[in-house]
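Here are my notes on this model, as numbered points. Please read them with the structure open.

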Amino acid sequence: MEQMNLKDRLSAKVETLQTAPALPSSDYLALNNNTLDLIHENLKDQPLTYQMFDVVKSPSGGSTVFTVPGLTGEEAEKELTGIILDYTLPRAYWDTPDPVEGTPPTCLSHNSLVSESGKPCARCPFNDYGSKDGETGAKACKESVLLFLLRPGNVLPLLVRVPVTSKGLFLRYTARLTSALTPLNGVVTRISLKKATSRGGKPYALFHFEAVSALSPEEAASSKAFARQFMEAVKASEAMPKLEAAG
């Protein structure tokens, strides 16, 4: 009798599990275990280069709306939300004050520490404030931050270029996460824009970074693993889009 009751209880438990609603799946499809295999299969093992990624640039004229490439054309979005898998700190110098857009830089660094030619950026005179024109305090060597932002429902990240005016704000955001012992790719980050005015009276947009939620332990582990494997598959020199000469 006792054995029958046990069987009945087990049967009831199994039935309950079978009829219970499924746990919600992650909105981040790229965190599935076979994502990288699928990417390599679809690309026929071709290297992941920057041409495969959509790029979001900093808006001009103080606009607080992002222009995001989409399937049907460019779309306007007030904010961008996703997991920042990783980032790079590129910088570039052109030897002409008004280069044509798309012109390769005279000097380029992928990490803001050492140039491609092996020269330390910290000792370069073009890294000095005021070296651009001697009046505005701007540097002749253009700095930026390049974010690999994984958005819900996407497998490949969106590249978000953060201008030098917001570089410190992003690094401060990463410092806050570090202080809380939280990895950058362990949270969902919301990026928005706020209008500001330069000392010369020109409007521009400042980037604002906010952690809107923490990933579950399972998602955080998957995010960390995917970020590591993905960035290993993408060489920094290939992943970086050509820096704009203007702006």
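1. Confidence by element. This is a predicted model. Among the elements of the protein chain, helix H3 (residues 167-179) has the highest mean pLDDT, at 96. Helix H1 (residues 2-19) has the lowest, at 45. Over residues 13-25 the pLDDT is below 50. Beyond near neighbours in sequence, that stretch makes zero contacts in the model. Where pLDDT is low, the predicted coordinates should not be read in detail.

2. Confidence overall. The mean pLDDT of the protein chain is 81. A value of 70 or more is reached by 83% of its residues.

3. Make-up of the chain. The protein chain has five helices and 10 strands. It has 247 residues, and 34% of them count as buried. Its accessible surface comes to about 15,100 Å². Carbon and sulfur atoms hold 54% of that surface. As for contacts between residues at least 6 apart in sequence, 62% join residues at least 24 apart.

4. Aromatic pairs. How many aromatic pairs does a search of the whole structure find? The search finds nine. A pair of aromatic rings is described by the distance of the centres and the angle of the planes. One of the pairs is formed by Phe-66 and Phe-207. Their centres are 5.7 Å apart, with 70° between the planes. The pair is edge-to-face, because planes over 60 degrees apart count as such.

5. What that pair links. Phe-66 lies in strand S2 (residues 66-70), and Phe-207 lies in strand S10 (residues 203-214). The pair therefore ties together parts that are 141 residues apart in sequence. Are the two residues buried or exposed? Phe-66 is at 0% relative accessibility, so it counts as buried. Phe-207 is at 2%, so it counts as buried too.

6. The ring cluster. Both phenylalanines belong to a cluster linked by ring pairs. The cluster consists of Phe-66, Tyr-87, Phe-170, Tyr-173, Phe-207 and Phe-209.

7. A charge over a ring. The charged end of Lys-139 sits over the ring of Tyr-129. The distance from the ring centre is 4.6 Å.

8. Cysteines. A disulfide is a covalent bond between the sulfur atoms of two cysteines. A search of the whole structure finds zero of them. The cut-off for a disulfide is 2.5 Å. Cys-124 is in no disulfide either. Its nearest cysteine sulfur is that of Cys-141, 6.3 Å away. Cys-107 counts as partly exposed, because its relative accessibility is 30%. Cys-124, at 27%, also counts as partly exposed.

9. Ser-112. This residue has a positive phi of about 65°, although it is not a glycine. Ser-112 is found in the loop between strand S6 (107-109) and strand S7 (142-150). At 12% relative accessibility, Ser-112 is under the 20% limit and so counts as buried.

10. Leu-181. Here too phi is positive, at about 55°, and the residue is not a glycine. Leu-181 has its place in the loop between H3 and strand S9 (187-197). Is Leu-181 buried or exposed? Its relative accessible area is 78%, so Leu-181 is exposed.

Note on methods. Residues are numbered from 1 along each chain as its sequence is written. This is a predicted model: local features need pLDDT of at least 70, side-chain atom pairs count only at pLDDT 80 or more; totals for chains, interfaces and linings use all residues. Side-chain values use heavy atoms; hydrogens and water are left out. Rings of Phe, Tyr and Trp (its six-membered ring) pair if their centres lie within 6.5 Å; planes under 30 degrees apart count as stacked, over 60 as edge-to-face and the rest as tilted. Helices (H or I, at least four residues) and strands (E, at least two) are DSSP runs, numbered from the N terminus. Buried means under 20% relative accessible area, exposed over 50%, partly exposed in between (1.4 Å probe, protein chains only). A charge sits over a ring if NZ of Lys or CZ of Arg is within 6 Å of the ring centre and within 35 degrees of the ring normal. Contact means heavy atoms within 4.5 Å. Accessible areas come from the Shrake-Rupley method with a 1.4 Å probe; for residues, only the protein chains shown count as cover. pLDDT is the predictor's confidence in each residue, from 0 to 100.
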